[in-house]
Structure formats: structure tokens, C-alpha cells
Amino acid sequence: MTGSSMAVEPPLLSVKNLSVAFPTEDGLVRAVDGVSFSVEKGKTLAIVGESGSGKSVTAQAIMGIIDRKAAKMTGEIWLDGQELVGLPAGELQSLRGSQVAMIFQDPMSSLHPFYRVGDQITEAISAHRSIGAKAARAEAMEMLRRVGIPAVERRIDDYPHQLSGGMRQRVMIAMALINKPALLIADEPTTALDVTVQAQILDLIASLQGEFQITVIMITHDLGIVADVADDVAVMYGGRIVEVAPTGTLYHEPEMPYTLGLLSSVPRMDRDVSTRLEPIPGNPPSPIRLPPGCVFAPRCKYADRVPDGACMTTRPELLQAAPDHLVRCHIPSEERREIAQGVLRVLTGGAA
Amino acid sequence: MVAYTVRRLILMVALLFALTAAVFFLFTLLPGDPARLTCAKACSPAIIEANRHRLGYDQPVLVQYGQFLGGIFFGRTFSSDSPQPIVCNAPCLGYSYTRHQQVLTLILNAAPVTFWLAVGAFLVWISISIVLGIFAALNHGHWPDRLVMGISLVGYSMPSFFIGLILIFFVVLRWNWLPFPSYVSPFDNPLRFLQTMILPWIVLAFLNTAFYMRLTRNQVLETFHEDYVRTARAKGLPERTVVVKHALRAGLTPLVTAAGMDLAALLGGAVITESIFSLPGIGSLAVNSVLQSDLPLITGITLFSSTLIIFANLVVDLLYAFLDPRVTIA
Ligand SMILES: Nc1ncnc2c1ncn2[C@@H]1O[C@H](COP(=O)(O)OP(=O)(O)OP(=O)(O)O)[C@@H](O)[C@H]1O
Ligand code: SF4
Ligand SMILES: [Mg+2]
């Protein structure tokens with residue numbers, strides 16, 4: 001905890017111009033390309049985007065689990081006043097699990113099949129604190145109770161394969177929060193779970209977030225769940241952030257054509273049932289051959305509105321459209337809003 | 001676990017019964033007259049007939065099999081109506097007339113040689129492969145990895161008798177670094193024992209090392225990409241713990257099965273290596289029994305080796321279930 005000043009607190013996490021590239025035999029994979037965003041303490045930022053847009057790599061960069069020998073990483077990641085990209089491996093290691101924690105998409109494979117769940121949790125405790133085995137076990141038990149594992153006295157000595165998918169994800173959450181981290185990154189925490197369990201897990205994360213005052217980054221490719229959980233949304237495409245806005249703004253006043261495409265492809269409450277879900281035509285760009293101009297240009301319906309084919313040649317910057325609304329698109333803001341409102345009117349059957 | 005083991009043991013006994021029957025009938029029904037082989041070339045038909053009766057080869061096959069089985073459980077007596085009957089106590093695997101010794105005695109005399117050969121080679125190959133395999137995996141794509149993979153490829157393509165002959169030729173005959181191999185018990189003369197065994201160990205370990213090095217490397221590399229290894233890292237565990245406790249523990253466990261079975265197969269006799277280095281083990285015994293058409297001996301050795309393999313199967317399964325909690329045995 002830093003000193004409590006009455007002035008505006010700096011964001012807990014601030015990522016500046018982060019790039020991660022993997023040299024491979026086929027060429028340089030630019031998984032993350034100049035990403036910047038920040039998250040205020042206690043808030044939830046959702047990062048959405050199609051498969052391969054660089055969400056997980058961004059998360060792994062913040063966790064410091066990108067293999068530095070295999071990747072070129074530049075930019076800055078500020079967590080609670082500390083810069084992580086330049087931090088030596090040993091110091092990063094001591095932050096992992098204590099300051100930043102992460103839960104993953106597949107709770108089946110994310111827990112070690114050979115060790116009891118209780119032991120996996122106490123291992124996380126003793127990685128950061130010297131504490132007796134008895135006390136660690138009691139703490140693990142308490143945490144398992146809090147994440148809603150029934151019959152904890154028995155379950156704590158179960159192996160992961162003896163638990164259901166939802167229970168395993170609860171164990172992962174317990175393990176992530178056991179050292180009271182400031183930041184929790186949830187990388188598609190519900191994708192691998194049954195629909196009925198998904199909502200429970202999201203509710204659990206939200207309630208624990210309030211209880212422990214954690215800041216959350218929720219990664220998903222499902223815009224549908226974002227509305228319920230996130231304060232802000234960052235839309236990623238081709239390794240870049242293309243739009244950032246408060247959740248309500250993103251839903252009701254989106255500007256970037258890719259965001260419009262995403263919104264058209266998911267069900268929403270105010271959606272006119274007669275309009276079809278419309279997937280974005282085409283495929284995401286290869287991270288090895290990113291388009292030189294706007295990464296979305298090859299799939300963008302509105303690229304020809306920009307004079308001189310600038311969409312194909314000039315990379316648009318992520319610029320302010322409103323104080324907390326950033327958009328990466330060559331079309332002027334006014335015009336973008338008109339387009340967006342047109343699209344939304346069709347989506348909601350004129351109700352919007 | 002206990003119930004499972006008992007069930008497996010019962011199954012094992014049943015399997016061995018079936019095996020004795022198969023081995024016995026296979027070798028008994030083979031063309032050739034075992035009675036003929038009991039005496040030298042100049043043998044009168046009368047003597048042959050007498051021997052046939054003495055050995056029981058004039059009985060129906062089923063009766064012979066019954067006697068064989070009875071011998072295993074209760075012992076039996078050969079040439080009971082002759083002045084010098086041969087008493088063979090249970091478990092009696094038969095009597096070798098070419099060597100005038102009980103089959104079990106012959107096997108038990110040869111077994112220690114094979115035991116030391118197999119265990120020594122096993123230790124050599126397992127330790128080298130695991131160390132080099134892990135080393136290669138940790139340096140994936142760099143020169144240590146390439147070197148290990150290269151050695152593995154070369155080792156893979158060299159037949160063991162070739163390596164054995166080359167080693168004998170240079171190390172023993174040319175350079176006289178080691179005396180000519182001649183087996184002694186490690187308890188009688190440890191130095192001589194080592195001098196004799198070092199080359200056979202190397203030869204026998206060679207091929208397996210090539211295989212296990214590659215297996216270890218691939219296993220370990222695979223587990224490095226497992227989600228639970230990423231989780232271990234995300235917990236903030238030291239890299240050593242991540243590698244040893246999380247990656248290697250999972251990556252090396254499957255080796256237990258393969259290594260256990262390979263060791264058992266070796267304990268049943270290493271035919272080529274034993275022959276090259278004139279080691280009087282099970283492998284040499286087997287070769288000679290075949291060359292001499294010594295039917296009781298062939299049957300006995302086959303049973304002995306198969307029992308080892310079946311037993312190893314059980315041990316390996318139990319061990320694996322112990323190491324990997326996902327494997328439920330019930
Ligand atoms: N270690 C690596 N080596 C090479 N390329 C990588 C590596 N890790 C990720 N990539 C590539 O980087 C790009 C972004 O991957 P990332 O996992 O961040 O996508 P994502 O947005 O999380 O997608 P998904 O929704 O499928 O999880 C992908 O094209 C992926 O193939
Ligand atoms: S910059 Fe051009 S191609 Fe990119 S989203 Fe805007 S209009 Fe479409
Ligand atoms: Mg991902």
C-alpha cells in the first residue's frame with residue numbers, strides 16, 4: 001500500500017506502448033504491437049477480441065511469464081509504481097502470485113494432475129511467505145470455503161481430476177487470491193465451462209473482487225458477458241488496441257468499425273430479435289504479415305470512406321474521441337458516430 | 001490396491017498356466033525325436049527306446065504335461081525304475097539330459113550373471129539418458145539439444161553386436177586395456193568383475209540410451225508447454241521448482257513403464273551381448289539349449305523369462321498407479 005494522498009490516485013496498472021514479438025521460422029510474430037492502457041485500482045477492465053488478437057500474450061507479459069529468450073519485449077508496464085518490463089527475473093518472480101495473479105481458460109489442465117489441490121494452494125503460500133504447514137493448510141481451507149467449495153475438509157485432499165470443471169476453476173481462483181494480490185488477470189476463465197457454471201464463476205470473481213479490493217483484467221472474446229462485469233472495455237485486434245471506453249459507452253456509442261462488427265455478432269438485451277447475428281466477414285490478419293496501414297482494413301466496410309486509401313497505407317493512432325474514449329480509426333469522430341448509430345438502430349430495431 | 005494386486009496375481013497365475021501349456025505343447029510337438037538326442041551318435045535302437053521310456057517320452061503328450069505341471073508343484077522323480085533315480089524337488093522345471101542337471105539349477109546358476117549384466121546396464125543407460133535428455137530439453141533448439149539428438153540417431157542405427165565386436169577388438173585385443181572377459185562373481189573378485197562387465201554394460205546400454213535419451217527429451221519438452229507448468233510459474237515458484245517438481249515430475253513418470261518392461265526383458269537374458277562376451281547368463285544358456293535341442297531346458301528358460309515379464313508388468317502397473325493419482329486401480 002502506498003501513502004494515502006487525497007489527490008487522484010495513479011492507476012494501479014499502466015501499460016505503455018507494449019510490444020511482444022516472437023521470432024519464428026516463418027518470420028517475426030508480432031503478437032502484441034504497441035499496446036497502451038491503464039486500470040484504476042479496484043476496477044475491472046475487460047479485454048475483448050477475436051482469437052489470436054494478442055489478449056493472452058498481453059496478460060502473460062503483465063504476469064512476467066513471457067519467455068524472455070523466445071520473445072522480444074519492449075515498452076513499459078507500471079504496476080503500483082514499479083516498472084516490470086525491465087525488472088530482473090528474480091524480482092518478477094517474487095511479484096508473481098503475490099502482487100499479480102492469474103487464472104486460466106482451462107481449469108482441467110491448469111492444475112497439476114499429480115498433486116492434491118490443498119498442497120497446490122499451500123505451495124503458492126509458501127512461495128511468498130514463511131508460514132508453518134499447519135497454518136498454511138488452515139489458510140488454504142479458509143480460502144477454499146470462501147470460493148464456495150463444499151465439504152472443504154474432504155475436498156482439500158482431492159486430486160484435481162476428482163473435481164468438476166467449475167470446482168477446479170474455484171480452486172484456481174482460491175490459489176490466485178491466496179496471497180491477496182492487487183491485480184487479478186482472468187484469461188477467459190469461463191470459456192471451458194458449462195454455461196450454467198459460467199455465471200457462477202463470474203459472480204464469484206465479482207464478489208471476491210469487492211471483498212478483497214482487487215483490480216481485475218477480464219479477458220474474453222465474448223462481448224456478451226462484458227456488460228455485466230467490466231467498468232471499461234479495451235477492444236484488441238491484430239495485436240493492437242483499437243478502441244477503449246467505459247462499458248456503457250462502448251455498447252451505446254461505439255465508434256471503431258471493428259467494435260461495430262463485434263457488437264453485431266453477439267446477442268444483446270436490447271437487440272431486435274428479427275436481426276440476424278452477423279459474423280464479421282473474412283479472417284483476422286496473420287501476426288506475421290500485419291497489414292501496413294490499419295490492421296482491420298482488409299475486412300473493413302468503411303475503408304473506402306477514407307481518402308487516398310490511407311487505411312491501407314497509414315497506421316491510424318489511438319486517439320481521444322471523448323475524455324475516456326480512445327479510438328483507432330482514420331474516419332473523423334463525427335462520421336464514425338453517425339455510422340455507429342446507424343448500425344445500432346438496425347440492431348435494436350430502431351429502439352436505440 | 002490390495003484387492004487389485006490379488007486379482008492381478010490370480011490373473012498372472014492363470015496366464016502362466018496358459019503359458020506353460022503353450023510352451024510345453026509347442027516344443028513337444030515340434031518335429032524331432034528327443035529320445036534320440038539323449039545319447040551319442042553310435043546309439044542302438046534298443047538304448048534309444050530304453051531312454052524314451054526312462055524320460056517318459058513314450059507317454060501320451062497330455063500325461064507328459066501333467067507330469068511336468070506336477071513337477072512344478074510337488075516335485076517329481078526321473079528314471080524311477082532305474083537303479084539311480086533322479087529326484088527333482090518342487091518347483092521342478094525338468095531335467096536336462098544333455099547336461100545331466102536339473103533345469104532350475106542351470107537357470108539359477110546363470111541368473112546372477114544376467115542379473116548383474118541387466119542391472120548394471122540399466123543403471124548406466126537410465127542415468128545417462130535422463131541427464132542428457134533433460135539437458136537437451138532445457139537447451140531446446142540449441143547445440144546441446146542437436147548434439148544429444150545426433151548421438152541418439154547414431155546410437156540408434158548401430159547394431160549392438162557390431163559395437164560389441166569393435167570394443168572387444170580395440171579395448172581388449174589391440175590396446176590390452178582390459179583382460180579378456182571372463183565372468184566372476186562380484187563377491188569373489190570385484191575388480192575382475194568390473195573389468196569383465198564394463199564393456200557388456202556399455203554395449204547393452206548403448207541402444208537403450210539412444211532410445212531413452214530421445215524419449216526423455218521429448219517427454220520433458222512436452223510438459224514444459226503444459227498449462228500446469230505455466231500455473232506453477234504464475235504462482236511465483238522458483239524456476240528450479242517449476243522445472244523439477246512440476247515439469248519433470250510429470251514428464252518423467254511415463255518413463256517408468258517403458259524402463260520397467262525393458263529391464264524385465266533384459267533380466268530374461270541378453271542373447272547377443274552375453275554371447276559376444278562369453279557371459280554364462282540366461283541368454284547364453286538359451287542359445288546353447290536351442291543348439292543342443294535340449295527340450296526341457298528350452299521350456300524352462302522360456303517359462304522363466306516370461307514369468308519375469310508378466311511379473312514386471314504387474315510391478316510397473318502398481319508403480320505407475322502410485323506415481324500418477326489419475327490412474328485408478330480398482
Ligand atoms: N510463444 C509463442 N511463439 C510464437 N507465437 C506465439 C506465441 N505465443 C503466442 N503467439 C502468437 O501470438 C498471437 C496472439 O496470441 P494470443 O494467445 O495472445 O491470442 P489470444 O488473443 O489470447 O487468442 P485466444 O482467444 O485464441 O486465446 C497468436 O497468433 C499466437 O499464435
Ligand atoms: S482506419 Fe480505415 S480500415 Fe481501419 S477501421 Fe477505420 S475505416 Fe476501417
Ligand atoms: Mg488467449
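Q: What relative accessibility makes D80(A) count as partly exposed?
A: In this predicted model, a residue is called buried under 20% relative accessible area, exposed over 50% and partly exposed in between, using a 1.4 Å probe and protein chains only. D80(A) falls into the partly exposed class because its relative accessibility is 36%.

Q: What pLDDT do local features need in this predicted model?
A: Residues are numbered from 1 along each chain as its sequence is written, chains are lettered from A and ligands numbered from 1 in the order in which they are written, and side-chain values use heavy atoms, with hydrogens and water left out. Totals for chains, interfaces and linings use all residues of this predicted model, whereas side-chain atom pairs count only at pLDDT 80 or more, and local features need a pLDDT of at least 70.

Q: Near what value is the positive phi of D80(A)?
A: Helices (H or I, at least four residues) and strands (E, at least two) are DSSP runs numbered from the N terminus, and D80(A) sits in the loop between strand 4 (72–79) and strand 5 (82–83) of chain A. Most residues other than glycine have a negative phi, and most peptide bonds are trans. D80(A) is a residue other than glycine with a positive phi, near 50 degrees.

Q: Which loop of chain A holds A151(A)?
A: A151(A) also has a positive phi, of about 50 degrees, although it is not a glycine. With a relative accessible area of 35%, A151(A) is partly exposed. Its place is the loop of chain A between helix 5 (133–146) and helix 6 (152–155).

Q: A cis peptide bond joins A90(B) to which residue?
A: The loop between strand 2 (86–88) and strand 3 (95–96) of chain B contains P91(B). The cis bond, with omega about -10 degrees, joins A90(B) and P91(B).

Q: Which elements of chain A do the buried residues of helix 13 pack against?
A: Helix 13 of chain A (residues 333–347) has 15 residues and reaches 21 Å from its first C-alpha to its last, close to the expected 21 Å, where the expected span is 1.5 Å times one less than the number of residues. Its buried residues are R336(A), I339(A), A340(A), V343(A), L344(A) and L347(A), and they lie on the same side of the helix because they cover an arc of only 130 degrees around the axis, taken from the directions from the axis to the C-beta atoms. The face turned away from them carries the exposed residues E334(A), E338(A) and V346(A). With contact meaning heavy atoms within 4.5 Å, the buried residues of helix 13 pack against helix 10 (247–252), helix 11 (257–264), strand 11 (318–322) and strand 12 (325–328).

Q: How far from a polar atom of the side chain of Q198(A) is the backbone oxygen of L193(A)?
A: Q198(A) belongs to helix 8 (residues 195–212) of chain A and is buried, with a relative accessible area of 19%. Not counting residues up to four places away in sequence, Q198(A) touches T190(A), T191(A) and L193(A). A polar contact is a pair of N or O atoms within 3.5 Å; within protein, one must be able to donate a hydrogen and the other to accept it, and residues adjacent in sequence count only if both atoms are side-chain atoms. The backbone oxygen of L193(A) and the polar side-chain atom of Q198(A) are separated by 3.2 Å.

Q: With which side chain does the side chain of D145(B) make a polar contact?
A: D145(B), in helix 5 (residues 143–156) of chain B, is buried at a relative accessible area of 3%. Apart from residues up to four places away in sequence, D145(B) touches A136(B), N139(B), H140(B) and R217(B). The polar contact, at 3.3 Å, is with the side chain of H140(B).

Q: A polar side-chain atom of which residue lies 2.7 Å from an oxygen atom of ligand 1?
A: Ligand 1 is surrounded by 14 residues, the closest being S51(A), G52(A), K55(A), S56(A) and V57(A), where a residue is near a molecule or strand if one of its heavy atoms lies within 4 Å of it. Oxygen atoms of ligand 1 lie 3.1 Å from a polar backbone atom of S53(A) and 2.9 Å from a backbone N or O atom of K55(A). The side-chain atom at 2.7 Å belongs to S56(A).
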